[in-house]
Amino acid sequence: MIYRGQSNEAMVKGEVQITAGLGFIDSVIIDTHFVQRGRIGRLFYAVASNPGILGIGLGEDAGLLITEGKTMEAIGSGLTIVVEGRDIIETNIYNVEMGTPVSVENLKVHVMSIYDKFDLQQHKLFINKTAKVLNNHALNIPDNDY
């Protein structure tokens with residue numbers, strides 16, 4: 001879990017401090033009061049320094065229902081942000097000096113709202129009411145059946 005780190009300096013090496021959490025779910029780091037306090041940089045840094053974990057930012061009035069450690073469903077009226085580091089191509093996080101800004105290429109971000117589901121094994125987001133985007137235009141399609 002993240003126990004220290006200012007939002008405005010989060011992508012500076014050494015500003016975010018991480019420790020063992022409560023152990024509810026493995027390979028996941030969760031940050032709360034996420035949207036209102038602008039903590040996305042903290043989550044970016046945590047995932048960039050530990051690419052094998054999944055970063056979750058819970059906004060106000062947001063939660064996740066995790067079923068059998070396989071699927072997460074967004075509950076509540078707030079937003080949930082999911083950050084993945086599995087596909088990071090390059091980062092300088094291990095080579096820069098403390099206090100130096102960090103760069104990361106190919107950090108993946110998902111935004112979940114109520115009833116969206118995220119498959120923890122496939123690392124796939126299933127949006128409740130979807131619209132496909134083609135050539136910068138949204139095309140409405142029927143709801144997903146999952």
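**Figure 1. The salt bridge between E84 and R86.** E84 and R86 form a salt bridge whose closest N and O atoms are 3.4 Å apart; the term asks for a side-chain nitrogen of Lys or Arg within 4 Å of a carboxyl oxygen of Asp or Glu. E84 is buried, at a relative accessible area of 4%, while R86 is partly exposed at 48%. Here buried means under 20% relative accessible area, exposed means over 50%, and partly exposed lies in between (1.4 Å probe, protein chains only). Please keep in mind that this is a predicted model, in which local features need pLDDT of at least 70 and side-chain atom pairs count only at pLDDT 80 or more, while totals for chains, interfaces and linings use all residues. Residues are numbered from 1 along each chain as its sequence is written, and side-chain values use heavy atoms, with hydrogens and water left out.

**Figure 2. The salt bridge between K108 and D87.** The structure holds two salt bridges, and one of them joins K108 to D87, with 3.8 Å between the closest N and O atoms. This pair links distant parts of the chain, 21 residues apart: K108 belongs to strand β10 (residues 108-112), and D87 to the loop between β7 and β8 (90-91). Helices (H or I, at least four residues) and strands (E, at least two) are DSSP runs, numbered from the N terminus. Both residues count as partly exposed, K108 at 35% relative accessibility and D87 at 37%.

**Figure 3. T80 and its neighbours.** T80 lies in strand β7 (residues 80-84) and is buried, with a relative accessible area of 0%. Leaving out residues up to four places away in sequence, T80 touches I56, G57, L58, A62, G63, L64, H110, V111 and M112; a contact means heavy atoms within 4.5 Å. Across the protein chain, 56% of the contacts with a separation of 6 or more are between residues 24 or more positions apart.

Figure 4. The buried ones are G41, R42, L43, Y45, A46, V47, A48 and S49. I40, also in α1 (residues 40-49), is partly exposed, at a relative accessible area of 33%. Together with L79, V109 and V111, I40 makes a nonpolar surface patch of about 290 Å². Such patches are made of residues with over 30% relative accessible area and no salt bridge, with like charges joined within 9 Å and nonpolar side chains (Val, Leu, Ile, Met, Phe, Trp, Tyr) within 5 Å. Accessible areas come from the Shrake-Rupley method with a 1.4 Å probe; for residues, only the protein chains shown count as cover.

**Figure 5. An open sheet of four strands.** The strands run in the order β5-β6-β11-β12, with antiparallel pairing. At the edges stand β5 (63-67) and β12 (124-126), each with a single partner strand, so one side of each has no neighbour in the sheet. From one strand to the next, the twist averages 25°; axes are lines fitted to C-alpha atoms, for helices over the stretch in contact, and angles run from 0 to 180 degrees between N-to-C directions. Strand β11 (residues 117-119) pairs with β12 over three bridges, and D119 has K124 as its bridge partner in β12. Two strands pair if DSSP finds at least two bridges between them.

**Figure 6. The loop residue D26.** D26 sits in the loop between β2 (17-18) and β3 (28-31) and is exposed, with a relative accessible area of 67%. Its C-alpha atom is separated by 8.8 Å from that of G69, 43 residues apart along the chain.
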